[in-house]
There are 2 protein chains.
Amino acid sequence: MNTFTEENYLKAIYHLSLQSESVSTNQIAASLNTKAASVTDMLKKLADKELINYAKYQGVTLTAEGEKIALSIVRKHRLWEYFLVEKLNFKWDEVHDVAEELEHISSKELIDRLDDFMGNPKYDPHGDPIPDCNGLFKVHELKPISSLILNDSGIISGVRDHSSSFLQYLEKMQLTIGRKVKVAEINDYDHSVILNLEDKKIHISRDVANNLLISL
Amino acid sequence: MNTFTEENYLKAIYHLSLQSESVSTNQIAASLNTKAASVTDMLKKLADKELINYAKYQGVTLTAEGEKIALSIVRKHRLWEYFLVEKLNFKWDEVHDVAEELEHISSKELIDRLDDFMGNPKYDPHGDPIPDCNGLFKVHELKPISSLILNDSGIISGVRDHSSSFLQYLEKMQLTIGRKVKVAEINDYDHSVILNLEDKKIHISRDVANNLLISL
DNA sequence: GAATAATTTTAGACTAATCTAAAAATTTAA
DNA sequence: TTAAATTTTTAGATTAGTCTAAAATTATTC
Ligand SMILES: [Mn+2]
Ligand SMILES: [Mn+2]
Ligand SMILES: [Mn+2]
Ligand SMILES: [Mn+2]
C-alpha cells in the first residue's frame with residue numbers, strides 16, 4: 001500500500017493533469033502547500049514505484065497504475081462527500097475537509113458497500129463525477145456561464161471554484177446544482193450577467209459567471 | 001491535535017487500565033505490536049503533553065485529559081463498527097480493522113451526526129458500550145458463562161475475545177448478542193457447558209464459556 | 001541480603017517526510 | 001546567442017516513529 005502522503009501527491013498530479021498535459025514541480029508544490037524540494041524527493045519515490053513518469057526537469061505524468069490509484073482516491077473523496085450531504089445533512093460547503101481525511105481509508109469493500117448503500121450516485125454534491133468501482137465515469141461537457149450568449153439556457157451542473165465562500169454565496173443566491181437558468185442580459189462593460197431563475201432575475205458578476213458551470 | 005500514533009497509545013493504555021490499575025511498558029508494547037524501547041519514547045512524549053502520569057519504571061495511568069481523548073477514540077471506533085454492521089451489512093467479525101482506521105477521523109461534527117443518524121445506539125455489534133458525545137456510558141455487569149451455575153439463565157451481551165475466529169464460531173452456533181440462554185449441564189471433568197438456546201441444546205467448551213458474557 | 005532474572009530505559013541508528021540554502025538546468029529576453 | 005530570470009534539483013538538517021543492543025533499575029529467589 002501507499003502512504004497517506006503518496007496518495008495526496010498522486011491525487012494532486014491527477015487534478016493538475018486535467019489542465020495541462022505534463023505537470024511541473026512547482027504546480028504540485030503550490031497545490032499541496034509544500035516546497036519544491038520536498039516535491040522533487042517525492043517524485044523520485046513515486047517514479048521508483050512506477051506510479052509516475054518522471055525525467056528530471058521535464059515534469060511528470062501518471063502511469064496507468066498511478067492514475068488508477070488517483071482515481072480510487074477521487075472516488076472515495078466524492079462518495080464520502082455525497083454521504084455527508086445526503087445522509088448526515090452537511091451543507092455542500094462543509095464537506096471537503098472531512099472528505100480529505102476519509103478518502104484515505106483503505107478498505108475497498110467499505111467504499112463499494114457505501115456506494116451501493118447510497119444507490120450508486122453519479123455526481124458528488126458539487127456536480128463532479130464519481131468514478132465507479134472500476135474507475136470509470138462519464139465526462140459531460142460543461143461550460144462556464146461566461147461563455148454563453150443572450151437567451152442561452154441550461155442546468156447548473158458544476159463549479160470551478162470549490163471554496164466555501166463561493167459555495168455559500170451560490171447557496172444564498174439559490175444557484176445550486178440542478179437548477180435551470182437562462183441568460184437574460186449581458187453587461188458589455190463589466191461582463192456581469194443577469195440570469196432568469198424560475199421567475200426571479202439574478203445579477204451575477206463576471207467572476208461568478210466564470211466559475212459557475214452549465215450543461216446545455 | 002494528536003497524531004494517529006499518539007491516539008493509538010492512549011487507546012491501548014485506556015483498554016489495559018480496565019484490567020489493572022497501572023499499565024506497564026511491556027503490556028503496551030505487546031498490545032501495540034511494538035518494542036518496549038519505542039513505548040518508552042512515546043510515554044515521555046505523552047507525559048510532556050500531560051496526557052499520562054508517568055514516573056520511570058513505575059508504569060502509567062491516563063490523566064483526565066488523556067482519558068477524555070481515549071474515550072473519544074473508543075466512541076468513534078464503536079460507532080463506526082455499528083454503522084458498518086447496521087447500515088452497510090458487514091458481519092460482526094469483519095468490522096474491527098476498518099474501524100481501526102475510521103476511529104482516527106478527527107471531525108467531532110461528523111461523529112456526532114453519525115451517532116444521530118443511527119439513532120444514538122448504546123452498544124456496538126460486540127456488545128461493548130458506546131460512550132456518548134460527553135464520553136459517558138453505562139457499565140453494565142456482565143459475567144462469563146463459566147461463572148454461572150446449573151439452571152442460571154441470561155442474555156448474551158458481550159464477548160471477551162474479539163478475534164474473527166471466535167466471532168465466526170459464535171455466529172455459526174447462533175450464540176449472538178441478545179439471545180437468551182440457560183445452563184442445562186456443566187461437565188465437571190473438562191468444565192464444558194451445555195446451554196439451552198430456545199429449544200436447542202448447545203455444547204460449548206470451557207474456553208468458549210470463559211469468553212462469552214451474559215447479563216442476568 | 002546477595003545473586004539472578006525480568007523489566008525498563010538509554011544510546012545510537014534508520015526511514016519517511018519535511019525544510020532552507022546553494023547549485024544546476026532550463027527558459028526568457030535582450 | 002549570451003545574460004538574466006526562473007525553475008528544479010541537490011546537499012545537509014530536522015522531526016516523528018521505530019528498531020537493536022547495552023545499561024540501569026526493579027523484582028524474585030536462594
Ligand atoms: Mn472536495
Ligand atoms: Mn466535491
Ligand atoms: Mn473493534
Ligand atoms: Mn467492537
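## About the model

This is a predicted model, in which local features need pLDDT of at least 70 and side-chain atom pairs count only at pLDDT 80 or more, while totals for chains, interfaces and linings use all residues. Residues are numbered from 1 along each chain as its sequence is written, chains are lettered from A and ligands numbered from 1 in the order in which they are written, and side-chain values use heavy atoms, with hydrogens and water left out.

## Chain A at a glance

Chain A holds eight helices and eight strands; these are DSSP runs numbered from the N terminus, with helices being H or I of at least four residues and strands E of at least two. Its C-alpha trace spans about 55 × 40 × 25 Å along the principal axes. Of the 216 residues in chain A, 44% are buried (under 20% relative accessible area, with exposed over 50% and partly exposed in between, using a 1.4 Å probe and protein chains only).

## The sheet and its helix

Six strands of chain A form an open, antiparallel sheet in the order S3-S8-S4-S5-S6-S7, where two strands pair if DSSP finds at least two bridges between them. At the edges sit S3 and S7 (200-204), each pairing on one side only. Within the sheet, five bridges join S5 (residues 180-186) to S6 (residues 193-197), and A:Val181 stands opposite A:Leu197 in S6.

## The manganese site

Let's turn to the metal. A:Glu81 (OE), A:Asp124 (OD) and A:His126 (ND1) coordinate the manganese ion (ligand 2) at 2.1 to 2.3 Å. Donors are N, O and S atoms within 2.8 Å of the metal (3.2 Å for Na, K and Ca), and sites may look incomplete because water is not among the atoms. A:Glu81 also bridges to the manganese ion (ligand 1), with the two ions 3.6 Å apart.

A:Glu81 is buried, with a relative accessible area of 2%, and A:His126 is buried with a value of 2%.

## Where the chains meet

Chain B and chain A bury about 1600 Å² between them, 73% of it on carbon and sulfur atoms; buried area is the accessible area (1.4 Å probe) that two parts lose on being put together, summed over both. On the chain B side, B:Leu88, B:Glu101 and B:Arg113 lose the most area to chain A, together 31% of what that side buries.
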